[in-house]
Amino acid sequence: MWRVHTSPFTPAQEVGLKFADLAAAMSFLGGLETKAGAPADADALKGKVVALYFSAHWCPPCRSFTPQLVKAYKSLRAAGKKFEIVFI
């Protein structure tokens, strides 16, 4: 999983972003990080299906859904799917 700290776009605008737009947005927001917090290049997402996940640690529905999302992510990755999630 990957994450950025915030987004200047509404969820509806995010859906139509192209990779170049996504890379530019990540740069604008201070960059992309791995789950461990290490800096990452947006090129690591190129050629993959990228899901943008808007969530908050204090949100009860989010806290219930996140473990289910992690399970689905691991299942897709184990099946060899080129899929990543950007946590916003």
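The questions below go through these topics in turn.

This is a predicted model, where local features need pLDDT of at least 70, side-chain atom pairs count only at pLDDT 80 or more, and totals for chains, interfaces and linings use all residues. Residues are numbered from 1 along each chain as its sequence is written, and side-chain values use heavy atoms, with hydrogens and water left out.

Me: How many disulfides does the structure hold?
Reply: A disulfide here is a pair of cysteine sulfur atoms within 2.5 Å. The count for the structure is zero.

Me: Is Ser 55 buried or exposed?
Reply: Ser 55 sits in the loop between strand S4 (49-53) and helix H3 (60-78). Helices (H or I, at least four residues) and strands (E, at least two) are DSSP runs, numbered from the N terminus. Buried means under 20% relative accessible area, exposed over 50%, partly exposed in between (1.4 Å probe, protein chains only). At 17%, Ser 55 is buried.

Me: Which residues is Ser 55 in contact with, leaving aside neighbours within four places in sequence?
Reply: Contact means heavy atoms within 4.5 Å. On that basis, Ser 55 touches Cys 62, Thr 66, Phe 87 and Ile 88.

Me: What is the angle between the planes of Tyr 53 and Phe 65?
Reply: Rings of Phe, Tyr and Trp (its six-membered ring) pair if their centres lie within 6.5 Å; planes under 30 degrees apart are stacked, over 60 edge-to-face, the rest tilted. The whole structure has three aromatic pairs. Tyr 53 and Phe 65 form a tilted one, 5.7 Å centre to centre, with planes at 55°.
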